[in-house]
Amino acid sequence: MDVTMGGDAPATDEPVEPLDPGRVSLVDPEDVAYWCREFDCTEAELREAVARVGDHAAAVRQALEH
């Protein structure tokens, strides 16, 4: 019998998708890590881009490309 201890889902090495893939959330550390991997940037760069252009993923991607 396979029983997981604690938590709602077993841990995997798969990256966790954000709840809203169209918006960059800086609230959840897992979302921040996802977007940093997605945009190949640091957390500081991500936070600065969101502060400049808002949280729409396409706008953040464009801001980080320049």
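A residue is called buried when its relative accessible area is under 20%, exposed when that area is over 50%, and partly exposed in between (1.4 Å probe, protein chains only). By this criterion Cys36 is buried, with a relative accessible area of 12%. The model described here is predicted, so local features need pLDDT of at least 70 and side-chain atom pairs count only at pLDDT 80 or more, while totals for chains, interfaces and linings use all residues. Residues are numbered from 1 along each chain as its sequence is written, and side-chain values use heavy atoms, with hydrogens and water left out.

The chain contains three helices and zero strands, where helices (H or I, at least four residues) and strands (E, at least two) are DSSP runs numbered from the N terminus. Read from the N terminus on, the order of elements is α-α-α. The chain has 66 residues, of which 23% are buried. Among contacts (heavy atoms within 4.5 Å) with a separation of 6 or more, 21% come from residues 24 or more positions apart.

Two packed helices are described by the angle between their axes and the distance between the axes. Helix α1 (residues 29-39) and helix α2 (residues 43-53) have axes that come within 9 Å and cross at roughly 95 degrees. Axes are lines fitted to C-alpha atoms, for helices over the stretch in contact, and the angles run from 0 to 180 degrees between N-to-C directions. At this contact, α1 contributes Val32, Trp35, Cys36 and Phe39, which meet Glu43, Leu46 and Arg47 of α2. Sorted by class, the contact of α1 with α2 has five nonpolar, no polar and two charged residues. Here Ala, Val, Leu, Ile, Met, Phe, Trp, Tyr, Cys and Pro count as nonpolar, Asp, Glu, Lys and Arg as charged, and the others, Gly among them, as polar.

Each helix has its own set of buried residues. In α1 these are Asp31, Val32, Tyr34, Trp35, Cys36 and Phe39, and their cover includes α2 and α3. In α2 the buried residues are Leu46, Ala49 and Val50. They span an arc of only 100 degrees around the axis, which puts them on the same side of α2; the arc is that of the directions from the helix axis to the C-beta atoms. An α-helix has 3.6 residues a turn, so residues three or four places apart point the same way. Ala44, Ala51 and Arg52 are exposed on the other side of α2, whereas the buried residues of α2 are covered by elements including α1 and α3.

Helix α3 has Ala57, Val60 and Ala63 as its buried residues. Seen down the axis of α3, these fall within an arc of 125 degrees, so they line one face of the helix. Ala58 and Glu65 are exposed on the other side of α3, and the cover of its buried residues includes α1 and α2. Val60 lies in helix α3 (residues 57-65) and is buried, with a relative accessible area of 0%. Leaving aside neighbours within four places in sequence, Val60 is in contact with Val24, Phe39, Leu46, Ala49, Val50, Val53, Gly54 and Asp55.

Most residues other than glycine have a negative phi, and most peptide bonds are trans. Just after α1, Asp40 takes a positive phi of about 50 degrees. Asp40 sits in the loop between α1 and α2 and is exposed, with a relative accessible area of 71%. Helix α2 is followed by Gly54, with a positive phi near 95 degrees.

Finally, the cysteines can be considered. A disulfide is a covalent bond between the sulfur atoms of two cysteines, taken here as a pair of cysteine sulfur atoms within 2.5 Å. The structure holds zero disulfides. Cys36 is in no disulfide, and the nearest cysteine sulfur, that of Cys41, is 4.4 Å away. That separation is too far for a bond. Cys41 is buried, with a relative accessible area of 13%.
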